[in-house]
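Subject: Structure handover

Hello,

Here is the structure I promised to pass on. My notes follow below it.

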Amino acid sequence: MKPPLPSSSSAVLRKARLSPYLFTLLAFIVFVAILYGEDFMCIFGQLEPIPGRAISRPVKKREKLPFAIGRTEERCNIFSGRWVRDELTRPLYEESECPYIQPQLTCQEHGRPDREYQKWRWQPHGCDLPSFNATLMLETLRGKRMMFVGDSLNRGQYVSMICLLHRLIPEQGKSMKTYNNDALTVFRAKDYNASIEFYWAPFLLESNSDNAVVHRISDRIVRKGSINKHGKHWKGVDILVFNTYLWWMTGLEMKVLKGSFDDDEKQIMIVSTEDAYRMGMRSMFRWARKNMDRKKTRVFFTSMSPTHSKGIDWGGEPGENCYNQTSMIEDPTYWGSDSRKSIMKVIGEVFTKSKYPITFLNITQLSSYRKDAHTSIYKKQWNPSTPEQLANPVSYADCVHWCLPGLQDTWNELLFAKLFYP
């Protein structure tokens with residue numbers, strides 16, 4: 001007599017008991033699927049990530065910027081450091097060797113008795129600035145345009161750049177000319193088919209101070225949404241260096257024009273200086289995003305240049321300013337009252353929110369120490385000095401602009417570093 005056939009359920013149980021390896025494998029697969037399944041699905045594009053949950057993703061490669069040939073050392077902030085005396089390599093050129101310096105910046109020619117301000121080199125903490133290589137800079141500019149846009153402080157940096165380069169160019173191979181009623185100055189290196197240019201636009205936007213020669217207007221007005229008025233002259237530039245600050249500092253408020261300067265009845269708004277400045281910064285970013293090819297060109301923005309018109313800021317006497325100052329400020333935390341932190345905050349906000357890569361040249365803190373480096377009274381004066389002024393030089397000392405050679409050569413060393421080693 002044959003034994004009875006087992007029921008189907010008992011057969012399954014017996015088979016399961018006979019397959020422990022299969023059970024273990026299935027359990028492992030389920031565990032892995034639960035732990036890593038979402039990442040696998042995201043990688044293959046089959047599942048949208050769950051909102052609010054951290055997803056492991058491949059690290060995006062750092063975008064290589066145009067003209068870069070290397071990188072700054074990790075955790076190296078080239079704008080944080082100290083000034084060190086260097087008589088071997090400073091100055092980077094002699095005042096008498098550079099005929100392109102405006103007489104408003106030639107301090108030695110106009111009687112400054114000391115040269116100590118020329119003998120300082122900026123030393124970042126924990127790293128070194130790459131040496132300025134004029135040959136590399138000129139070769140990089142071959143067939144290209146570099147332009148500085150802004151006010152007279154940017155023009156000083158522009159002239160400094162020319163002084164750093166022009167010795168490599170034979171006399172017959174270089175020229176400098178002005179156009180558009182002196183609004184545009186162009187230095188050409190003919191053998192390189194290169195130009196280094198300066199365009200006068202103290203607000204970047206259209207304003208009533210746009211005349212490059214006659215612009216001493218106390219009641220300053222900027223026109224909203226007008227950056228293309230000047231921007232049409234910047235198109236086609238390969239390396240663009242902006243600055244704008246000093247001309248906005250007319251008080252706590254600024255006049256902003258809606259419409260045109262040609263309108264019979266002008267609609268003028270009064271806004272805080274910070275809001276007006278924010279408007280100008282946003283316009284700069286929008287213009288760059290629409291007109292500059294981020295794969296082929298570079299854009300820089302130089303922060304505010306400090307003034308030294310109030311001696312009490314650094315512990316000096318009331319009424320004292322940069323006149324007769326031959327030593328720098330030693331306090332590493334020093335910040336002058338003329339450099340508005342509220343404006344630096346606006347710059348930080350706009351840069352943080354923008355997706356266009358404008359490189360920030362933060363020259364404010366390092367320049368704040370240099371009360372010794374201004375032109376003071378050692379410059380060509382717009383008008384003959386009066387007997388009263390001559391008796392009190394503090395009254396007409398220029399504590400805004402800088403002697404060349406001098407501090408602004410360091411600004412260009414920093415520009416060089418960020419251009420080639422961002």
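A disulfide here is a pair of cysteine sulfur atoms within 2.5 Å. One of them joins C98 to C163, with 2.0 Å from S to S.

Some background before the rest. This is a predicted model: local features need pLDDT of at least 70, side-chain atom pairs count only at pLDDT 80 or more, and totals for chains, interfaces and linings use all residues. Residues are numbered from 1 along each chain as its sequence is written, and side-chain values use heavy atoms, with hydrogens and water left out.

Disulfides

The whole structure holds 4 disulfides. In sequence order, the bonded cysteines pair 1-4, 2-5, 3-8, 6-7.

Back to C98 and C163. The torsion about their S-S bond is about -85 degrees, so the disulfide is left-handed. C98 and C163 are both buried (under 20% relative accessible area, with exposed over 50% and partly exposed in between; 1.4 Å probe, protein chains only).

C107 is joined to C403, S to S 2.0 Å. This link is left-handed too, with -95 degrees about the S-S bond. C107 lies in the loop between β1 and β2, and C403 in the loop between β14 (398-402) and α10, 296 residues apart. Strands (E, at least two residues) and helices (H or I, at least four) are DSSP runs, numbered from the N terminus. C107 has 0% relative accessibility and counts as buried. C403 is buried, also at 0%.

C322 is joined to C399, S to S 2.1 Å. Both cysteines are buried.

Sheet

An open sheet has 7 strands in the order β4-β5-β6-β3-β8-β11-β12, with mixed pairing. Two strands pair if DSSP finds at least two bridges between them. β4 (174-179) and β12 (358-361) stand at the edges with a single partner each, so one side of each lacks a neighbour in the sheet. β5 and β6 (residues 194-200) pair in the antiparallel sense over 6 bridges. L184 has Y199 in β6 as its bridge partner.

Aromatic rings

There are 17 aromatic pairs in the whole structure. Rings of Phe, Tyr and Trp (its six-membered ring) pair if their centres lie within 6.5 Å; planes under 30 degrees apart count as stacked, over 60 as edge-to-face and the rest as tilted. Y100 and F187 are edge-to-face, 5.3 Å centre to centre, with 85 degrees between the planes. Both are buried. Ring pairs also link W200, F203, W247, W248 and Y277 into a cluster.

Best wishes
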